[in-house]
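Walk me through this chain, one contact at a time.

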Amino acid sequence: MRSVKIFIFLLFFILPLFLSETFSFSVDAQLHFGNKSLAEEDWAPVDNQVLTGIALTFSFGRFPLELALEYFTGSGSGQLLFLELASKTSELNIGLQKTLTLINRLDFFLRGGLSVITGELSCVDIFSVSDSAYGFWFRTGFTFSFTKRLGLGLAVGSSSGKITLFNTEGEAGGFSASLF
């Protein structure tokens, strides 16, 4: 009897959503390259990182917001006395995006949500410590579309997540700027 109720629910309530024009579906992908600045007091001398990432946005017909998924990773290196240090961070972000068309081919977007942030500090062949935390993120920017499928953009963003390295709490998020 329970399986019949589930089938009826799916047939009459869920299936029509996916068959209607309102639930048309599209995906936009962006490859980001840029820079991430970490809190100097927590990460010096490895507080500047090269940033790479991918951002996906899923649009659902006439629904005014889009689902945003992002994965960004950053890496930096520096020297402290005679030690060669390296930093790595990664962010797995999920949230919502609002896109506004300003003029023909120029869009403005604002996205944000929850994040899982990981930070790692290492010294070649001596030590490596890492930690992960939940946090928040936001990103905003502009996209100029050359064609329906090809564009160029600029994004700036910020993320926040407290991690613990060497029994000291620090910020693994930071400020980022990227081209895509």
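G53 touches Q30, L31, H32, Y71 and F72, leaving aside residues up to four places away in sequence. Contact here means heavy atoms within 4.5 Å. G53 sits in strand β2, residues 48–60. Helices (H or I, at least four residues) and strands (E, at least two) are DSSP runs, numbered from the N terminus. G53 is buried, at a relative accessible area of 15%. Buried means under 20% relative accessible area, exposed over 50%, and partly exposed in between, with a 1.4 Å probe and protein chains only. G53 also lies 9.3 Å from F180, C-alpha to C-alpha, although 127 residues separate the two in sequence.

A word on the source. This is a predicted model, in which local features need pLDDT of at least 70 and side-chain atom pairs count only at pLDDT 80 or more, while totals for chains, interfaces and linings use all residues. Residues are numbered from 1 along each chain as its sequence is written, and side-chain values use heavy atoms, with hydrogens and water left out.

Now the whole chain. It has two helices and 10 strands. Along the sequence the pattern reads α-β-α-β-β-β-β-β-β-β-β-β. Of the 180 residues, 33% are buried. Take the contacts between residues at least 6 apart in sequence: 54% of them join residues at least 24 apart. The chain exposes about 11,200 Å², and carbon and sulfur atoms supply 67% of that area. Accessible areas come from the Shrake-Rupley method with a 1.4 Å probe; for residues, only the protein chains shown count as cover.

Y71 is in strand β3, residues 66–80. Its relative accessibility is 40%, so Y71 counts as partly exposed.

R139 lies over the face of F72, 4.2 Å from the ring centre. A charge sits over a ring if NZ of Lys or CZ of Arg is within 6 Å of the ring centre and within 35 degrees of the ring normal.

R139 also forms a salt bridge with E70, with the closest N and O atoms 2.9 Å apart. This pair links distant parts of the chain: E70 is in strand β3, R139 in strand β6, 69 residues apart. A salt bridge is a side-chain nitrogen of Lys or Arg within 4 Å of a carboxyl oxygen of Asp or Glu. E70 is buried at 2% relative accessibility. R139 is buried as well, at 2%.

How many salt bridges does the structure hold? Four. One joins K36 and E91, whose closest N and O atoms are 2.8 Å apart. K36 lies in strand β1 (25–38) and E91 in strand β4 (83–103), so the pair ties together parts 55 residues apart in sequence. K36 is buried at 2%, and E91 is buried at 6%. Another pairs E171 with K162 at 3.9 Å between the closest N and O atoms. E171 is buried at 13%, whereas K162 is partly exposed at 48%. Salt bridges that share partners join E70, R111 and R139 into one network.

Next, the rings. The whole structure has four aromatic pairs. One of them is F127 with F166, edge-to-face, 5.4 Å centre to centre and 80 degrees between the planes. F127 lies in strand β6 (127–145) and F166 in the loop between β8 (162–165) and β9 (168–171), so the pair ties together parts 39 residues apart in sequence. Rings of Phe, Tyr and Trp (its six-membered ring) pair if their centres lie within 6.5 Å; planes under 30 degrees apart count as stacked, over 60 as edge-to-face and the rest as tilted. F127 is partly exposed at 26%, and F166 is partly exposed at 48%.

Last, the backbone. N167 is in the loop between β8 and β9. N167 has a positive phi of about 60 degrees, although it is not a glycine. N167 is exposed, at 79%. R105, in the loop between β4 and β5 (106–123), is not a glycine either, yet its phi is positive at about 80 degrees. The peptide bond from A44 to P45 is cis, with omega near 10 degrees. P45 falls in the loop between α2 (40–43) and β2.
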